[in-house]
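Subject: Structure handover and notes

Hello,

Here is the structure we talked about, with my notes below it. Please read the notes with the coordinates open.

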There are 2 protein chains.
Amino acid sequence: MPDRHTLAETEQATRERVQHLPLDFAASHALLSLYRAANAVRGHLTNNVLRPHDLTWTGFLVLWTLWIWDSMETRDIAESVGISKGTLTGVAKTLAARDLIERIPSTEDRRLVNLKLSPTGLELMEEIYPEFNKTESRIVGDLDARQLETMTSALRTLVETSERD
Amino acid sequence: MPDRHTLAETEQATRERVQHLPLDFAASHALLSLYRAANAVRGHLTNNVLRPHDLTWTGFLVLWTLWIWDSMETRDIAESVGISKGTLTGVAKTLAARDLIERIPSTEDRRLVNLKLSPTGLELMEEIYPEFNKTESRIVGDLDARQLETMTSALRTLVETSERD
DNA sequence: TTCCAATCGTTTGGATCCGAACAGTAATCC
DNA sequence: GGATTACTGTTCGGATCCAAACGATTGGAA
């Protein structure tokens with residue numbers, strides 16, 4: 001059992017290392033925790049729920065977005081999922097090859113392409129999502145309602161602040 | 001201006017879409033916010049602070065880890081940064097090619113390799129980190145101390161819960 | 001009408017990332 | 001002490017990811 005560094009130990013070491021500089025430790029620790037949490041949650045959901053169905057995290061997010069919004073233009077999907085347009089092209093190609101989504105070129109504006117969940121894709125989402133959500137529920141299970149609400153609200157603020165500039 | 005979907009609109013649409021299923025909406029919204037926030041913050045810091053110095057997010061995290069802990073075995077660095085061993089090999093190669101880190105094979109156990117910040121790397125970190133932290137501070141600036149503390153604590157709990165199983 | 005700037009999705013090149021397979025080294029078992 | 005097991009960092013193939021360059025299309029300006 002190697003002695004790995006816990007989050008708390010890392011924070012302590014950080015403080016000692018740069019003690020002489022006028023830094024905002026609270027901000028640093030908060031964002032380090034943010035990054036680690038997102039990584040851990042993503043990894044956990046990917047390995048335990050998505051991988052058995054041969055789905056990628058990004059691929060799942062695209063399917064989920066199409067499930068919620070029925071049909072969307074690719075530019076909006078990319079922005080919603082948080083990936084670049086170029087990345088979406090590749091992901092969509094992979095999903096389309098498995099008949100999970102359909103590509104529907106717009107007739108009004110021939111530059112645009114809409115994506116839509118196929119019947120197979122819809123079926124897959126209705127099978128997977130309850131399981132996915134059950135795992136989500138378990139992950140946040142150690143937080144009480146007040147903590148969860150405050151955290152969610154704070155995270156939303158971070159999104160707005162980061163994207164504002 | 002295309003009408004993109006905000007986080008709140010997405011949550012509302014989600015609720016309507018899967019209303020008939022017994023789901024944990026609070027958990028779903030919390031983790032969606034978590035993922036979006038991590039992505040937004042990472043993108044903002046990468047574009048505004050790291051890119052001008054030609055540094056990758058992952059590369060910066062490795063440098064930062066070595067800065068805090070002086071020297072580390074690669075397995076611990078990978079675990080600390082949250083990437084696989086194979087990924088670290090590539091990142092370390094890139095950083096070593098720019099003379100930002102040094103590879104130091106262990107004499108006791110010849111399987112092990114230690115990484116260490118080079119003088120150039122140390123200089124770079126002392127230049128970049130104050131700027132990095134200033135941006136971090138601005139990102140969390142819209143949260144009061146209580147919110148920030150609750151959020152950080154909740155995120156730590158998520159890390160532990162996710163990695164426990 | 002005729003440019004021309006804006007915007008779409010795609011392609012390209014390079015870096016990142018993972019899981020699995022791998023060779024080398026260390027530790028353990030019998 | 002010799003064989004097995006465990007663990008290290010590396011390599012490999014395939015998918016993801018981004019920024020930038022690109023061709024196609026649109027719509028407004030001259």
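In what order do the three strands of the open sheet in chain A lie? The order is β1-β3-β2, and the pairing is antiparallel. Before going further, please keep in mind that this is a predicted model.

Sheet in chain A

The edges of the chain A sheet are β1 (71-73) and β2 (101-105), each of which pairs on one side only. From one strand to the next, the twist averages 25°. β1(A) is joined to strand β3 (residues 113-117) of chain A by three bridges, and the two run antiparallel. Within this pair, Ser71(A) is placed opposite Lys116(A) of β3(A).

Sheet in chain B

Chain B also has an open sheet of three strands, in the order β1-β3-β2 and with antiparallel pairing. β1 (71-73) and β2 (101-105) of chain B each have a single partner strand, so one side of each is left without a neighbour in the sheet. On average, and with direction ignored, neighbouring strands of this sheet are turned by 25° against each other.

The pairing in chain B can be followed residue by residue. Three bridges connect β1(B) with strand β3 (residues 113-117) of chain B, in antiparallel fashion. In that pair, Ser71(B) faces Lys116(B) of β3(B), and Met72(B) stands opposite Leu115(B).

How the two chains are related

By what turn can chain B be laid on chain A? A turn of 180° with a shift of 0.0 Å along the axis does it, at an RMSD of 0.1 Å. The two copies are thus related as by a two-fold rotation axis. Among the residues of chain B, Met151(B) comes closest to that axis, with its C-alpha at 2.4 Å. The same surface serves both copies, since 100% of the contact residues of chain B recur in chain A.

The chain A-chain B interface

In the interface, 57 residues of chain B are in contact with 57 residues of chain A. On the chain B side, the elements that give two or more residues are α1 (7-17), α2 (25-50), α3 (57-69), α4, α6 (119-139) and α7 (145-164). Of these, α2(B) gives the most, with 17 residues. By class, this side of chain B divides into 28 nonpolar, 18 polar and eleven charged residues.

The DNA strands

Which residues come nearest to DNA strand C? Of the 24 residues around DNA strand C, the nearest are Thr74(A), Arg75(A), Gly86(A), Thr58(B) and Gly86(B). Two or more residues of this surface come from each of α4 (74-81) and α5 of chain A and α3 and α5 of chain B. The largest share, five residues, is from α5(B). The surface near DNA strand C is made up of five nonpolar, twelve polar and seven charged residues.

DNA strand D is surrounded by 24 residues, and the closest are Thr58(A), Ser84(A), Gly86(A), Arg75(B) and Gly86(B). Here at least two residues each are supplied by α3 (57-69) and α5 (85-97) of chain A and by α4 (74-81) and α5 (85-97) of chain B. α5(A) gives the most to the surface near DNA strand D, with five residues. By class, the surface near DNA strand D has five nonpolar, twelve polar and seven charged residues.

Regards

Key
Residues numbered from 1 in each chain as written. Chains lettered and ligands numbered in written order. Predicted model: local features only at pLDDT ≥ 70, side-chain atom pairs only at ≥ 80, totals over all residues. Near = placed C-beta within 6 Å. Helix = DSSP H or I, 4+ residues; strand = E, 2+ residues; numbered from the N terminus. Nonpolar A, V, L, I, M, F, W, Y, C, P; charged D, E, K, R; others polar. Contact = placed C-beta atoms within 7 Å. Pairing = 2+ DSSP bridges. Axes fitted to C-alpha atoms, helices over the stretch in contact; angles between N-to-C directions. Least-squares fit on C-alpha atoms with pLDDT ≥ 70 in both.
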